[in-house]
Amino acid sequence: MVRVRFAPSPTGRLHIGSARTALFNWLYARAKKGSFILRIEDTDRERSKKEYLDQILESLKWLGFDWDELYFQSKRLDIYKEYAQKLLNEGKAYLEKPEILRFTQDTSPKDTEQSRSARVQKPEDKDKRREAIIFKVQPQKVKIKDLIHGEIEFDTSVIKDQVLIKSDGTATYNFACVVDDGLLGITHVIRGDDHISNTPKQILLYSALGFNTPQFAHIPLILGKDGSRLSKRTGATAISEYKALGYLSPALVNYLLLLGWSPGQNREIISITEAIKAFEIEDVNKTAAIFDLDKLNWINNHYIKESPTEELLDLLWPLLQKRYPQTERSAVSSVLKLYQGRINNLLDFLDWADFFFLDEIEINEEAKAKFLEHDLSKEFSLFIEGLDKLEVFNVENIERVFRDLVKELNITSRKLIHPIRVALTGKTIGPGLFDVIHLLGKERVKKRLKKWVREENK
RNA sequence: GGCGCUAUCGUCUAGCCUGGCCCAGGAUGUCAGCUUCUCAAGCUGAAGACACGGGUUCAAAUCCCGUUAGCGCUACCA
């Protein structure tokens, strides 16, 4: 029975990279009909926050990654101590006073003056601090058979003795991780590339503790546009941000799937159910991938285009109410339909279709200069007259009125179409003009056109 | 510094294990054309890559060695 886990720490929102780790774990569990376990690594009291926990859980749900079991490390502190004590009793670990380490260890390049002083305890804490429990690292060769990278060999003689329990009584990441993975019977550890170097330390711990060592699969990291680690600087990084921007969950999952894995047959669009069938962890790439918003947009556009309008409206509705509170839901559907396939995300719609929701539209200055600079009083008045005569105000009739008028005036249709669009929407881009006129309704169209008719013609 | 990971179009990738079908396929993005009332979509086309250097071989993107570059770890963070 396959048992995998995803172990986020609630020190921030769910990151794109973490989400992909979660995805591959979840996918593997579902593909192998195993269990997907969620473990919250909240041992760092200072940085762990309830709101982040809620956010992470919500994001995972939104993406559709349901979990079978849930654990909190903060509730397992005694267990870690117990196992550390066991190693102590067996002579595999020893106690050490906090002071000693501080002055013998400062050899790493990143160990600046600042981080060093940050680590030094405050004098008043001194008495409260107990000795740390340290694991004795035996020099040996450790071989990992990584499902993605193949065989990796480490010489543990270059690894320092590892702290198991810090002098504040809490467990370190590497120790808590191994105790939990061992106790929870994790069979496959699927995690980010950046943990490869932690693996030999953990393997030593597994055997010292008498646990079975799980299989490892280290998936590559996701990088930002500039090739550095994905950070705020390079764009949105949290899943919740993409949700807020109006990206569809299946689209985002589809995109994440394509990052480092390929379903074969040159397929780009794949549903999660199909992915479960086709997924093999061994097929995951070894190379770090750059997060490309253009392609995400393309995929999202595709999913929006394919979605039933009503379903899309369900997703859009909360955003819409926020921006245009007066709107009636039943009126939106037909507008949205015209924009499906034109927008890359739901937020685009709110911007592009604003003229439909606002009474006073904002006219783009450039568009105005280009299409409304000369007097169109005559054309607009005649068009309004034509519309007024219509018994049935539908797209067909509107177009007929327009075509007749153009013929009568002996001008090309584009000479009039663009100015009317700008007058009605404030923009040069948008859906077909006759659809727009029909959607806005006769009264609003007349009102907006009349604004451009000079007094003497009214 | 030490240890480790990685290296195919700008980007995501197929091919690599099992050398020839690859003067490297697809997608996205870019550019051009068609369509058209604009935008988007759609269709057609163009440009665009095996990091570098050595081997092995009749034959190398694919196997071997080296170099370079990027990244990770090297914490009483996770």
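Q321 sits in helix α12, which covers residues 309-323. This is a predicted model, and here Q321 counts as exposed because its C-beta has 12 neighbours inside 10 Å, with 12 or fewer being the cut-off for that class. Looking along the chain, Q321 and I272 are 49 residues apart, and 30 Å separates their C-alpha atoms.

Let's turn to the strands. β2 and β3 run parallel and are joined by 4 bridges. One residue pair to look up in your viewer is R39 with its bridge partner Y71 in β3. Together with helix α2, these two strands make a β-α-β unit, and its hand is right-handed.

The elements named in this report are listed here for quick selection.

| Element | Residues |
|---|---|
| helix α1 | 16-31 |
| strand β2 | 35-40 |
| helix α2 | 50-63 |
| strand β3 | 69-72 |
| helix α12 | 309-323 |

Which residues have the most contacts inside the largest nonpolar core? They are L23 and Y255, in a core of 83 residues. Helix α1 gives the largest share of this core, with 9 residues. The core lies between domain 1 (3-73 + 174-222) and domain 3 (360-458), because both domains give residues to it.

L23 is a handy place to start exploring. Setting aside neighbours within four places in sequence, L23 is in contact with F65, V253 and L256. There is also a second, separate core, made of 21 residues, with L87, A93, I134 and C177 among them.

Methods
Residues numbered from 1 in each chain as written. Chains lettered and ligands numbered in written order. Predicted model: local features only at pLDDT ≥ 70, side-chain atom pairs only at ≥ 80, totals over all residues. Buried ≥ 20, exposed ≤ 12 C-beta atoms within 10 Å, placed from the backbone. Pairing = 2+ DSSP bridges. Right-handed = clockwise from strand over helix to strand, strands pointing away. Core = buried A, V, L, I, M, F, W, Y, C linked by C-beta atoms within 7 Å. Domains from an automatic or database assignment. Contact = placed C-beta atoms within 7 Å.
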